[in-house]
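Please examine the sequence and the structure before reading on.

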Amino acid sequence: MRPITVPFFISHQGCPNQCVFCNQVRIAGTGGEFPDGDAIRAKVSAYRGTSGGNPVEVAFFGGSFTAIPFDYQERLLGALHPLRERGEVSGIRISTRPDAIDGEHLAWLRGMGVATVEIGIQSMDESVLERSGRGHTAAQVVTACRLVKKAGMVLGAQLMPGLPGDTPALSMTSLHEVLALNPDFLRIYPTLVIAETRLAELYRAGEYVPLSLAGAVTLCKMLLRAALAAEVPVIRIGLQPTAELDCEGSVLAGPYHPAFRQLVEGELCLDLCRKLTTGLPRGMGVTVFCAPARVSDVAGQRRYNLEALRRDGVHVTSIIADPDLSHHDLRVEAGSVSRRGNLLV
Ligand code: SF4
């Protein structure tokens, strides 16, 4: 059963740094105060009440957990101890910076119930890291990831295509270098220009040009395809919409879309539909078969894909959910023609 995550945003707490893109209050929608034991227990209990019997895990997102004062780490994780003992919390995940990890600390975290460590990597290119004010090197990323794996913990890796100095080719290289570190999952956040950040100043001065929405979708599609081909799941693409993020003036520029991932998955499907319908007579009726969960991706947002195919001369008459197809396979039928393809090839 998939665990339900109880999120606590400890935004920027413990972070010694100021990355050019970071305004955690706007991104996460919280000032990042530490919750006390009562608040933690109450929130876990509320989530358990609606979990439908699924396991419940707790996640501390936002800041650099391993860099906050040690007694706070102890207090936060200690509050969860009785819940873990009673089986009410199945696991704990934290996120942190690559330069705020060492083997001893990881062993302690593990003993306190932390099973998953997400590392904000963002890029493996030294110049991009420097221009983004990350304050760590790619070598530190490698060391941190190896330590997490060595500690027997689940490793999550976060990447941010579109940072200052980044290019699609550098983003792909970063991804491949990260995949070589054997992460258990990825999150991909295309860079946005958030108000009250250094990046906002650079953008206003004309010194930073963000990815366009279309460019980011295409780049993230390529990153997603490479990650899935390496059998590494991508659990999030694009920032989660929050009230703060959605409020006017928060996102100044960049590829923000509340359903960004669906755009990416839709473009993956559009590419394959185009490939499978190549050479068919113009205007011929085509039926597309896909896994049930893929139907809306094949149609595209607001039927974007169907319109694009129609402009290409391909008339999709229906999309049929076929439970025998895997999530990554599509089949098209047109007259006596039947073709099958895989989204990851
Ligand atoms: S390390 Fe993380 S929390 Fe700290 S400034 Fe950078 S993005 Fe923000």
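At what angle do the axes of helix H7 and helix H9 cross?

## Helices H7 and H9

The axes of helix H7 (residues 168–179) and helix H9 (residues 213–229) cross at roughly 20 degrees and come within 10 Å. H7 is therefore roughly parallel to H9. Helices here are DSSP runs (H or I, at least four residues), numbered from the N terminus. Axes are lines fitted to C-alpha atoms over the stretch in contact, with angles running from 0 to 180 degrees between N-to-C directions. Angles under 35 degrees count as roughly parallel, over 145 as roughly antiparallel, 65 to 115 as roughly perpendicular and the rest as oblique.

The crossing of H7 and H9 is right-handed (the near helix is turned clockwise from the far one by less than a right angle). On the H7 side, the contact (heavy atoms within 4.5 Å) is made by Pro 168, Ser 171, Met 172, Leu 175, His 176 and Leu 179. H9 contributes Leu 219, Met 222, Leu 223, Ala 226 and Ala 227. These residues comprise nine nonpolar, two polar and no charged. Ala, Val, Leu, Ile, Met, Phe, Trp, Tyr, Cys and Pro count as nonpolar, Asp, Glu, Lys and Arg as charged, and the others, Gly among them, as polar.

## Basis of the model

The model is predicted: local features need pLDDT of at least 70 and side-chain atom pairs count only at pLDDT 80 or more, whereas totals for chains, interfaces and linings use all residues. Residues are numbered from 1 along each chain as its sequence is written, and side-chain values use heavy atoms, with hydrogens and water left out.

## Helices H9 and H11

H9 also packs with helix H11 (residues 260–277), at an angle of about 70 degrees and with the axes 9 Å apart. H9 is therefore roughly perpendicular to H11. Among the residues in this contact are Val 217, Lys 221 and Leu 224 of H9 and Phe 260, Leu 263 and Asp 271 of H11. By class, the contact of H9 with H11 has nine nonpolar, one polar and six charged residues.

## The two domains

An automatic or database domain assignment divides the chain into domain 1 (4–258) and domain 2 (264–342). Their centres, taken over C-alpha atoms, are separated by 34 Å. Nine residues from domain 1 and seven residues from domain 2 form the contact.

About 730 Å² is buried between the domains, 63% of it from carbon and sulfur atoms. Buried area is the accessible area (1.4 Å probe) that two parts lose on being put together, summed over both. In domain 1, Val 217, Lys 221 and Leu 224 lose the most area to domain 2, together 54% of what that side buries.

Note on methods. Helices (H or I, at least four residues) and strands (E, at least two) are DSSP runs, numbered from the N terminus.
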